[in-house]
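Please take a look at the chain before going on.

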Amino acid sequence: MATELRQAAVVAAVSTVVGVALGLLWLWLAPKVPLISDGKAVFLRDSEGESAVGADGTFVLLALGFGVVAATLVFLIHRHGGVALVLALAAGGVLGSALGWGVGTFLGPTHDVVAHAREVGPNVVFDAPLKLEMWAGALLAWPLAAMIVHLALTALFGPRDPEDTWPPEPAA
């Protein structure tokens with residue numbers, strides 16, 4: 001049991017730390033939302049654009065990929081793992097997603113849009129801060145993907161219980 005708990009702690013810790021890579025990839029790949037100021041107010045440069053939704057979608061797709069990879073690695077390394085590993089995979093996925101969200105928003109464009117608009121001046125295009133509008137679903141993408149993939153791999157390739165013979169062998 002102690003070995004399984006140590007393995008679970010390592011899985012949760014590694015998944016959490018890998019969340020930094022999720023945040024950096026999200027920052028790099030997410031579409032930018034262009035804003036423009038007229039000197040009095042800040043507006044979307046393209047009011048019909050779908051960049052804000054694209055940022056959420058990029059995060060979710062990256063998190064799904066991270067969940068698939070994490071579950072596959074945990075299954076391949078700890079094929080005989082128990083419930084603690086699975087729970088650690090889920091908890092690490094939530095923590096990794098939260099850390100990735102924090103890294104992406106912290107390193108992205110400033111959240112003080114008005115000050116940034118004054119800084120760049122009127123009629124100059126600048127990027128809006130990176131945000132997750134659907135944060136609850138996005139944070140659950142990694143652990144859900146990890147749970148589904150780990151369950152599928154365990155069902156398909158996991159160790160099997162011994163078959164019972166019927167009728168039972170007579171006692172000698």
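## About the model

This is a predicted model, in which local features need pLDDT of at least 70, side-chain atom pairs count only at pLDDT 80 or more, and totals for chains, interfaces and linings use all residues. Residues are numbered from 1 along each chain as its sequence is written, and side-chain values use heavy atoms, with hydrogens and water left out.

## Serine 97

Serine 97 sits in helix 3, residues 83-107 (helices are DSSP runs of H or I, at least four residues, numbered from the N terminus). Its relative accessibility is 0%, so serine 97 counts as buried (under 20% relative accessible area, 1.4 Å probe, protein chains only).

Leaving aside residues up to four places away in sequence, serine 97 touches Leu22, Phe59, Ala63, Ala138, Leu139, Trp142 and Pro143 (contact means heavy atoms within 4.5 Å).

## Helix 1 against helix 3

The axes of helix 1 (residues 2-29) and helix 3 come within 6 Å and cross at roughly 25° (axes are lines fitted to C-alpha atoms over the stretch in contact, with angles from 0 to 180 degrees between N-to-C directions). The two helices are therefore roughly parallel to each other (angles under 35 degrees).

## The nonpolar cores

The largest nonpolar core has 28 residues, and Leu22, Trp26, Phe59, Leu89 and Trp142 have the most contacts inside it (a core is a set of buried Ala, Val, Leu, Ile, Met, Phe, Trp, Tyr and Cys residues joined through side-chain atoms within 4.5 Å). Helix 2 (51-77) and helix 5 (135-157) are among the helices that each supply at least two residues of this core, and helix 2 gives the most, with 9 residues.

Key. Buried < 20%, exposed > 50% of the residue type's maximum accessible area, 1.4 Å probe, protein only. Parallel < 35°, antiparallel > 145°, perpendicular 65-115°, else oblique.
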